[in-house]
Amino acid sequence: MRKGIGKVKQIMVAILAAGVLTTSLSGCQYESFDDYLEALGLKDPKLDNPVSTTESTYLVPETVTEVGDTGGEASDQVTSETTPVAEADTGAEEASKEESSSDSSFDASSGRSSAAQGQKQQSSGTTLSKESDDEDERVRESIGLSPVGIETIKKSQEGLYAYERLTEAGKTLYVELLTIMQNLAADVIVSTTSDDAIEQVFDYVMADHPEIFYVDGYHYTNYTIDNVITKISFTGNYTCSKEQAEEKKVQINEAVNRCLANAPSSEDDYYAIKYIYDYLITNTEYDIEAPDNQNICSVFLNGRSVCNGYAKAAQLLLNKLGIDCTLVTGTVDTKNSKGVRHAWNLVKCNDAYYYVDVTWGDSSYQTTNGESADATKLPAINYDYLNVTTSDIIRNHKISDDIYMPNCSSMADNYYVREDEYFTSAEMSLVKDLFDRRYNDGSNNVTMKCASQEVYDSMFAQLITDRKVFDYLQGDTSSVSYTTFADTRTIIFWL
């Protein structure tokens, strides 16, 4: 909130804790999520903990009991309904077909997964034959999943953050799921017999591909012989037809082109990242009731979204500008609740990694979500979440372990450092310089970020408690309003 300071008045300070919505993926029985991925033969440890890079095989579960969004507090529960397996007409081995689904989304108001309950059904037996295998291959090849096609698609995915953290077997499954969804195909056989592998790789594909706005989950079918899964087919949960998806793609591309038309041409990544941050906040309102708020349609077609839409839109735009950006999920602590599920981004700026949270940078989030009562008492754009370190982001964000995230320690391209608003000491001559600069450029505020709690406390004591701020104000000013963000050690004076 915003407060006024009088020269002879007692000063009261309001502390604004920033907040947001999120998503976290966890909940396995292994000691760490990396152990789980390695057990599935999915994680390539060479990037994180150099070990063997040989291709692994998947674990095959004895039974299929549930599938979910891999969420923490709220996950998809799948029921199983079994009927006797009929004998095949040929008298061959008994075979069964088991269908499952997974649908999930972030509920902006509660922070929980508002997932539709998936259903598993086991049908009467069929016979596996060479003819069916040939048909499976024909279907795969019709969408580009021939051996040559797979290798070509793999080449096109090189460099994508989540993709690069998989083994060759995991990358093959990744390419299969991606291609199936890109073609809006159904019931395509994939290379794994592990539904757990499908669950994890599906999340990796969606983390790398914000342009897949027409999928909000998946269905798969297990084919078993003597209760052993012999093959699995995969279908995306498509929210629209192929024709409708194509129409929306055209509209999205038009919106993206309008944004990128004014993007800075500098080779310095910072300016592009700041431009996208500013653009999305300026052109998007936080709205938990917005349609399609879990994907980029809400941002580019409607201008209203929640955290997942903001983060995926930022990822799409930055990737088009040649800047590495991926989706991050986890939880946050807000003014009103703890452990709220949320999504934001990891970006690579000038060869160093940083976190960016566009949603928390938007004052419309603060007011809509009850963090503040009045948007006019907040900066339209809050830069506390533009290019921040791991130590800064985890003050109120908790990063999920679904995908390995690096430790971000560089401050070189942090917004406040780049804009000369970062204070490593409570040096009043530097404070004066900043006030003079902001008056000269016509700004309506002076914002200062403190490097430590000690600097923040000293700044607060001198400028507010001791009223030294009046030494740097221009004109006949007897009072000044200010806003403080204790979590991020930021002070804003309103001019």
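**Helix α5 and beyond**

Tutor: Start with M206, which lies in helix α5. Helices (H or I, at least four residues) and strands (E, at least two) are DSSP runs, numbered from the N terminus. This is a predicted model: local features need pLDDT of at least 70, side-chain atom pairs count only at pLDDT 80 or more, and totals for chains, interfaces and linings use all residues. Residues are numbered from 1 along each chain as its sequence is written, and side-chain values use heavy atoms, with hydrogens and water left out.

Student: Is M206 buried or exposed?

Tutor: M206 counts as buried, at 11% relative accessibility. Buried means under 20% relative accessible area, exposed over 50%, partly exposed in between (1.4 Å probe, protein chains only).

Student: What does M206 touch?

Tutor: Not counting residues up to four places away in sequence, M206 touches M181, I212 and V215. Contact means heavy atoms within 4.5 Å. The C-alpha atoms of M206 and D216 are separated by 9.4 Å, and these residues are 10 apart along the chain.

Student: And F202, where is that?

Tutor: F202 is in helix α5 too, which covers residues 195-208. F202 counts as buried, at 8% relative accessibility. F202 touches L177, M181, V215, G217, Y218 and F234, leaving out residues up to four places away in sequence.

Student: Zoom out. How many helices and strands does the chain have?

Tutor: The chain has 14 helices and 17 strands. Buried residues make up 53% of its 495 residues. Take the contacts between residues at least 6 apart in sequence: 69% of them join residues at least 24 apart.

Student: Which residues have the most contacts inside the largest nonpolar core?

Tutor: Y174, L177, F234, Y277, F300 and Y355. That core has 91 residues. A nonpolar core is a set of buried Ala, Val, Leu, Ile, Met, Phe, Trp, Tyr and Cys residues joined through side-chain atoms within 4.5 Å. A second, separate core has 22 residues, including M428, F435, Y456 and L473.

Student: Pick Y277. What does it touch?

Tutor: Y277 touches V356, D357, V358, G361, I381, N382, Y383, Y385 and L386, not counting residues up to four places away in sequence.

Student: Back to helices. At what angle do α3 and α4 cross?

Tutor: The axes of α3 (residues 147-157) and α4 (residues 168-182) cross at roughly 95° and come within 10 Å. Axes are lines fitted to C-alpha atoms, for helices over the stretch in contact, and angles run from 0 to 180 degrees between N-to-C directions. That makes α3 roughly perpendicular to α4; angles of 65 to 115 degrees count as roughly perpendicular, under 35 as roughly parallel, over 145 as roughly antiparallel and the rest as oblique.

Student: Which residues make the contact?

Tutor: From α3, I150, I153, K154 and Q157. From α4, E168, K171, T172, Y174, V175, E176, L178 and T179.

Student: E176 is a charged residue in α4. Is it buried or exposed?

Tutor: E176 counts as buried, at 0% relative accessibility. Leaving aside neighbours within four places in sequence, E176 is in contact with R140, L145, I150, V190 and S191.

Student: New topic. How many disulfides does the structure hold?

Tutor: Zero, taking a disulfide as a pair of cysteine sulfur atoms within 2.5 Å.

Student: What about the backbone at R489?

Tutor: R489 has a positive phi of about 55°, although it is not a glycine. R489 lies in the loop between β16 (479-485) and β17 (490-494). R489 is buried, with a relative accessible area of 9%. Its contacts include D392, R395, C450 and Y456.

Student: And where is D292?

Tutor: D292 is in the loop between β8 (285-286) and α8 (297-302). D292 has a positive phi of about 60° and is not a glycine. D292 is partly exposed, with a relative accessible area of 34%.
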